[in-house]
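Thank you all for coming; I would like to take a few minutes to walk through one chain with you.

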Amino acid sequence: MDVTSVLELFGGVGLFLFGMSYMGQSLEHLAGNGLERILQTLTSGKNKVIGTLKGFLLGLLVTGIIQSSSATTIMLIGFVSAGMMKVSQAIPVVFGANIGSCVTAQLLRLGDLGGGGIILKLLKPSSFAPMLIAVGAFIIIKSKKQRAKDVAGILLGLGVLFMGMTFMEEVFAPLKESEQFRNLFTSFSNPFLGILIGFLLCALIQSSSAFVGILQALSATGSITCGIAIPMLIGQNLGKCFTIVLGSIGATKKAKRVSLSYLLFNIIGSIILTIILCILYYSIKPEFLSSIMNRGNIANMHMGFNIFTALILLPFSEKIGKLTGKILRDTDEHPNAADFRILEERLLSTPGIALKACSRVIESMADRIRENYYLTVDLLIEYDEKTFRKVEENEDYLDRAETALTDYCLRINRNRLTPDNILVVSEILNSISDYERIGDYCAKMAYTVKDMQEQRISFSPAGINELTSIMSATKKALETTKDAFFHDDEKKASRVEPLYDAIRRMREVIQTHHITRLQNGTCSVPAGVALFDLIQCMERIASHSRNISLHVVKRIRGDRSFDEMHGHALDPESEDYKSLQEYYMNKYLGPILQTED
């Protein structure tokens, strides 16, 4: 093998890796966010066994689609870090991901096809790879639809992958007759040396699929025996962990636990298989160890190792999760989980106390929302990444609080509920949904400010003054709503709807003013888009605050017939309502109209 052959080999490996990566990215884009939603929501069942099996099958399916166990593991790390999934739930998915990553090797076995007519020859990768590349490239160039381009990317990536495989085979082809080459592989007959070579090469390439592909290409020389392939495949199972280990450096403990479960899967499996191999090699010495391997044999053995390991370890998923926690001194509990401890199971039979516990969690939600609103105001004044991350942390808490509270309220013993308690349950269930939506809009405002920072967008002085006025009004709506909810204050609850009317009118006026400034050239289109997003969020925050105030009114009055969707705390035609509306209009809308004059 001369220098040119070595360069061609590197080129073939490069094409293989590029094709596999491009195909995986295109598959992931085609699937969209569905893969993440599936992983997030479908890893639990009515019992632990069903949940474990569902997680395992989902890991297999998702990794089979995107062809990257690392990508699947990274998704899991994100879910676990965010508290949306427990480590024990993620582990079966990790086990399934190891098997799903074997699909590429199964595709490459098509290279064994040959003879038997023109149809079988056309099915060989060397025959149809150029056609896949041509069709994929043509669609990418001509099509304007992203979905069509993603499909073309899959074809193109698959074609490049097979082309890289063909290049590697052509480099290795002359070695079939080389005595030195055959002697080199004879030296790998020591299983521990084969494991070391497999580990080092896979860690260097950082792709188990690429390593197995190279081994499959080498099998065309007729020098790869079962006794050589098995140790090298065991080694690659260890080497592929190198990428995951590197990716976990500097991560949270929960992220490291997911990485550690991936590592333990492959270490335990490799140890078991090495023990079996040593018994076979040094004691029994069966004849099949000397049999010549082809692409299909290697693909089957690669998948078989992972299936074998998964079948052994899958029943112990929960224990492996606990083991990772002990090693890294961590638990499945989220940092904010202490806030939810008051929602105790034993209180479900005493609705009055259980509902008080719910109110305490809702109060914590209201505090986080209020904090997020103030933090967003701070971001508008001076952007700070630490402040933005705090907003994200609070938003994560609000999402989990809504789920926990809804589940808890629905499990309260209905037979023990008094008429008053029924109204309270109704108020809580409706209010937590509105509070969560308010939290969403606060987070959306923060993301808008972040985009403004990245795009260097700023508002005109008039825009800033108008924004300040509507922010003050929205802040008043939030605080009034909170006081009404937690102090059973119907009078304050009655003030929120007239205030919402003023905020809605402010949004309309600000939009009109901005259009005028846009026509005068004193404001830009990007700034206008950001301004419209912010004031729309504030109007929606006020709208959900009004909803909460009406829930409060219904509960305080004890009126089950009160229509929260269309009802009013005060008659809009009454003097009290009109007086409050005029007050808020003068206080918050007045300064904006004066600026216009």
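This is a predicted model: local features need pLDDT of at least 70, side-chain atom pairs count only at pLDDT 80 or more; totals for chains, interfaces and linings use all residues.

Pro-191 is buried, with a relative accessible area of 2%, where buried means under 20% relative accessible area, exposed means over 50% and partly exposed lies in between, using a 1.4 Å probe and protein chains only. This proline is found in helix α11, which covers residues 191-205; helices here are DSSP runs of H or I with at least four residues, strands are runs of E with at least two, and both are numbered from the N terminus. Leaving aside the neighbours within four places in sequence, Pro-191 is in contact with Pro-231, Leu-277, Tyr-281 and Tyr-282, contact meaning heavy atoms within 4.5 Å.

Residues are numbered from 1 along each chain as its sequence is written, and side-chain values use heavy atoms, with hydrogens and water left out.

Turning to the chain as a whole, the secondary structure comes to 24 helices and 0 strands, and buried residues make up 49% of the 597 residues. Among contacts with a separation of 6 or more, 80% are accounted for by residues 24 or more positions apart. Helix α12, residues 208-218, is mostly covered, with 11 of its 11 residues buried; among them are Phe-211, Gly-213, Gln-216 and Leu-218.

Next, the nonpolar cores. A nonpolar core is a set of buried Ala, Val, Leu, Ile, Met, Phe, Trp, Tyr and Cys residues joined through side-chain atoms within 4.5 Å. The largest one has 78 residues, and those with the most contacts inside it are Tyr-435 and Leu-467. The elements that give two or more residues to this core are α18 (351-381), α19 (385-410), α20 (419-455), α21, α22 (490-520), α23 and α24 (575-596), and the largest share, 13 residues, comes from α23. Apart from this core lies another, of 26 residues, including Cys-202, Cys-226, Ile-230 and Phe-305. As for Tyr-435, not counting residues up to four places away in sequence, this tyrosine touches Ile-362, Met-365, Ala-366, Ile-369, Thr-481, Lys-482, Phe-485, Phe-486 and Ile-548.

How do the helices pack? The axes of α21 (residues 461-486) and α23 (residues 525-557) come within 9 Å and cross at roughly 20 degrees; axes are lines fitted to C-alpha atoms, for helices over the stretch in contact, and angles run from 0 to 180 degrees between N-to-C directions. α21 and α23 are therefore roughly parallel to each other, given that angles under 35 degrees count as roughly parallel, over 145 as roughly antiparallel, 65 to 115 as roughly perpendicular and the rest as oblique. The contact is made by residues including Leu-467, Ile-470 and Thr-474 of α21 and Leu-531, Met-538 and Arg-555 of α23. By class, this contact has 14 nonpolar, 3 polar and 1 charged residues, where Ala, Val, Leu, Ile, Met, Phe, Trp, Tyr, Cys and Pro count as nonpolar, Asp, Glu, Lys and Arg as charged, and the others, Gly among them, as polar.

α18 and α19 pack at an angle of about 160 degrees, with their axes 9 Å apart, and they are therefore roughly antiparallel to each other. The residues of their contact divide into 16 nonpolar, 4 polar and 5 charged. For α19 and α20 the angle is about 165 degrees and the axes are 10 Å apart, so this pair too is roughly antiparallel. The contact of α19 with α20 has 12 nonpolar, 3 polar and 8 charged residues.

Finally, two loop residues. Arg-456 lies in the loop between α20 and α21 and has a positive phi of about 55 degrees although it is not a glycine; at 78% relative accessibility, Arg-456 counts as exposed. Asp-488 is placed in the loop between α21 and α22, with a phi near 50 degrees, again a positive value in a residue other than glycine, and Asp-488 is partly exposed, with a relative accessible area of 44%.
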